[in-house]
Structures are given as C-alpha cells and as structure tokens.
Amino acid sequence: MRLIKLKCPKCGSTFTAHEGSDLAICEYCGATVKVPYRKAKITIRRTKLNRKPFIIFTAVAMLLIVAATIILTTVLNSKKLPPLAFKADGVYLVGEDIPAGEYILYPNVKKSDGEVTPVLEVRKTKEAAADSKDFLYRREFYMRQYVNLNDGEYIAFEHALLYLPEKVRLKPLGKEGYAAAQLKVGEDIEAGEYVIVGENKKLYYFITSKPEAALYGTAALNSPDMLDFDYCENRIYLKVKSGQYLSFLGGKLYKVGDAPKPVKSDVGILPPGQYKAGVDIQSGRYKVTATENHINSATVCINKNAVKTGSLSSWDIQHNYVGGETLDFIRLSNSGGEAEIDIPDIEGADIYVTFNYCTVEALNR
C-alpha cells in the first residue's frame with residue numbers, strides 16, 4: 001500500500017500515513033488526523049486507427065456498385081423497353097398543350113378490343129365539328145402514322161399513343177423486314193428501291209409528299225400530295241426519294257437483296273406477283289395461265305425501268321407511269337386462258353414483270 005503525506009491540522013507538522021486508512025496519528029503531537037479519500041487516476045492512451053482495411057473495403061464496395069450498374073443497364077437495354085409515350089388519348093391545342101412539329105402515332109389496340117378503331121383528327125376546333133370544313137385531316141389507322149402539327153391546330157386521337165420521333169427510332173431494316181407502317185424516307189429508311197412481300201395477299205403502297213395525305217378514293221389519287229401508288233398480289237417493287245413518306249400494308253418491306261425468294265410450286269410454277277428480271281425471274285420465254293378470280297380477267301405487264309403493275313383498274317387509270325416504258329401488255333379474259341411471253345434481257349435496264357391473277361411457268365428453249 002502506498003504512503004501519502006499528511007499535514008497535521010493541530011501542530012502543522014508533516015508526516016506520512018498509509019493510503020486507504022480512515023485515520024492517522026500525528027507523530028509529533030499525537031493528534032488524530034482523518035485521511036482524505038483520493039480517486040484513482042485513470043490514464044487513457046490514444047492509439048492511431050489503422051485505416052488500410054477501411055480503404056480496401058470502400059474500394060471493393062464501389063467496384064461492386066459500378067459492376068451492378070453496368071449489368072443492370074445491359075439487361076434493360078437487351079429488353080429494349082419502349083419509351084414512354086409523349087401523350088395518350090385526348091384533344092390537345094398545338095402551341096399550348098404541345099409544341100408544333102412532327103410526331104408519330106402508334107395504335108394502342110389489343111386483339112381483344114374487337115371493333116375498336118384508332119382515329120386521328122387534326123381540326124380547327126376543340127370540340128368535334130359538325131362542319132367538315134373544320135377538319136384539316138381525319139383518318140382511321142392501324143399502323144405507325146406520322147403527323148405534322150402547326151400552332152393553333154387541335155389534334156384529337158383515341159386508342160393511340162403520340163410519340164416524339166426521336167424516341168421511337170426503328171431498328172435497322174434487315175432480313176426480318178418491316179411490317180405495315182408509314183415511314184419517312186431519309187429518317188426511317190434510305191432512298192432507293194424496296195420490295196414488299198406477302199403470302200397470298202394483295203399488297204398496297206402509297207408515296208406522298210406529306211404524312212397526312214389521304215390515301216383512298218379518286219380525289220386522293222388525283223391530289224398533288226399523292227406522288228405514287230400501286231398494288232399487286234404477293235410481291236411488289238417501289239422506289240422512294242428522301243423527304244417522301246411511304247405507307248404500305250398487306251406484307252413486309254425489305255431491301256431488294258434481303259427479301260425472301262419467290263416460292264415456286266413442285267412443277268416450277270410461280271404465283272401471281274411482280275418480279276424483277278435477274279433477281280426473281282430470269283429472262284426467257286414463259287407460259288402464263290389465268291387463275292379464277294372475282295373479275296374473270298388476268299393481265300401481264302412488262303415494264304422497263306418502272307415498277308408499275310400496268311393493270312387497267314380504275315385506280316391505275318388515275319395516274320401516269322412516269323420514269324418507265326411499257327414493253328408488253330397482255331390481258332387474258334377468262335379463267336384458264338393461256339399466253340406465251342418473252343422476258344427480255346436489256347443491258348443497263350431494269351425489267352419488271354407483273355402477273356395479275358395468273359401463274360407463270362418457264363418454257364424449255
């Protein structure tokens with residue numbers, strides 16, 4: 001036990017006593033002195049923290065977060081999640097509710113919706129007008145559709161979604177083709193030649209100078225906005241220029257080199273359609289046979305540097321065959337009627353042969 005020094009309160013002398021005792025006797029005067037209680041002194045020694053494990057842990061955690069972000073982004077991109085629509089069903093004033101400009105509408109209809117039809121209207125009034133003059137444009141549609149809007153106009157649509165063009169860029173056109181749609185040449189597809197292919201279907205295309213151009217009826221076909229149109233069974237070619245709008249239905253659109261080859265029967269007979277010499281069909285002599293159809297007529301047309309059917313329906317009377325030359329035209333007036341044709345091989349020229357409501361079979365030469 002440690003000794004401590006005490007001072008006698010009676011005589012003033014200094015003496016020693018054992019620490020922890022309650023009382024002590026002064027060695028000089030014999031007085032009893034109370035020993036004060038002293039708390040033990042606690043000394044804390046500070047040590048430096050080793051930060052190396054903490055730094056390593058933090059670095060590893062950051063790497064894990066970065067890796068998880070990359071993986072999540074890759075998964076989301078692989079699913080190609082559709083962008084959010086700019087607007088849904090409703091009536092909007094251009095210049096206030098939405099800015100003027102070009103937009104794309106997509107149908108928002110499920111098979112289970114039955115008779116539901118997507119409708120697009122561009123008009124002068126907010127409410128549906130009784131006077132047809134208040135409608136700037138009206139169309140029922142089932143495929144991708146462009147629309148140009150100006151300040152002060154109202155756009156009304158139902159069962160559809162409105163998108164900004166930059167939000168719905170199409171994947172590059174390849175061997176899968178594009179289904180029925182309205183496309184802007186120079187944006188969605190490049191200028192050039194394409195082919196629409198469908199199996200046992202009538203195919204249509206319309207090339208217009210603006211997306212809102214009406215596509216059907218005599219007035220539409222005579223409109224300056226209608227640049228070109230045609231139709232054919234199973235297969236049809238077309239050519240487009242930058243800035244034009246192409247609408248097509250009935251089949252899929254392909255680049256010429258990516259399109260599926262025509263399917264021949266077991267005995268080598270081609271079905272009706274439009275074929276390009278040297279690509280789908282070779283030059284030479286062929287026999288054509290009219291098939292049974294609702295007009296009891298069949299036609300064959302051979303064109304040079306043009307992609308027209310050359311049929312003489314009421315639609316075809318409405319437009320001129322610009323940029324090409326008709327080399328031969330044959331009409332078979334009854335089912336089962338036959339004729340022989342020669343498909344020429346002209347150097348430097350594209351030859352297109354169109355068979356409406358008839359089959360074609362190569363003849364031995």
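Tutor: Start with pairing: two strands pair if DSSP finds at least two bridges between them. Helices (H or I, at least four residues) and strands (E, at least two) are DSSP runs, numbered from the N terminus. The model is predicted: local features need pLDDT of at least 70, side-chain atom pairs count only at pLDDT 80 or more, and totals for chains, interfaces and linings use all residues. Residues are numbered from 1 along each chain as its sequence is written, and side-chain values use heavy atoms, without hydrogens and water.

Student: In which sense do S19 and S22 pair?

Tutor: Antiparallel, over 6 bridges; S19 spans residues 284–290. Gly 284 has Ile 343 of S22 as its bridge partner.

Student: How do I read the faces of a strand?

Tutor: In a regular strand, side chains alternate between the two faces of the sheet. In S22 (residues 338–343), Ala 339, Ile 341 and Ile 343 form the covered face. Glu 338, Glu 340 and Asp 342 form the uncovered one.

Student: Is Val 116 buried, partly exposed or exposed?

Tutor: Buried means under 20% relative accessible area, exposed over 50%, partly exposed in between (1.4 Å probe, protein chains only). Val 116 counts as partly exposed because its relative accessibility is 22%. Val 116 sits in the loop between strand S6 (101–107) and strand S7 (119–123).

Student: Which residues does Val 116 contact, leaving aside neighbours within four places in sequence?

Tutor: Contact means heavy atoms within 4.5 Å. With those neighbours set aside, Val 116 contacts Val 109, Tyr 142 and His 159. Val 116 and His 159 are 43 residues apart along the chain, yet their C-alpha atoms are separated by 7.6 Å.
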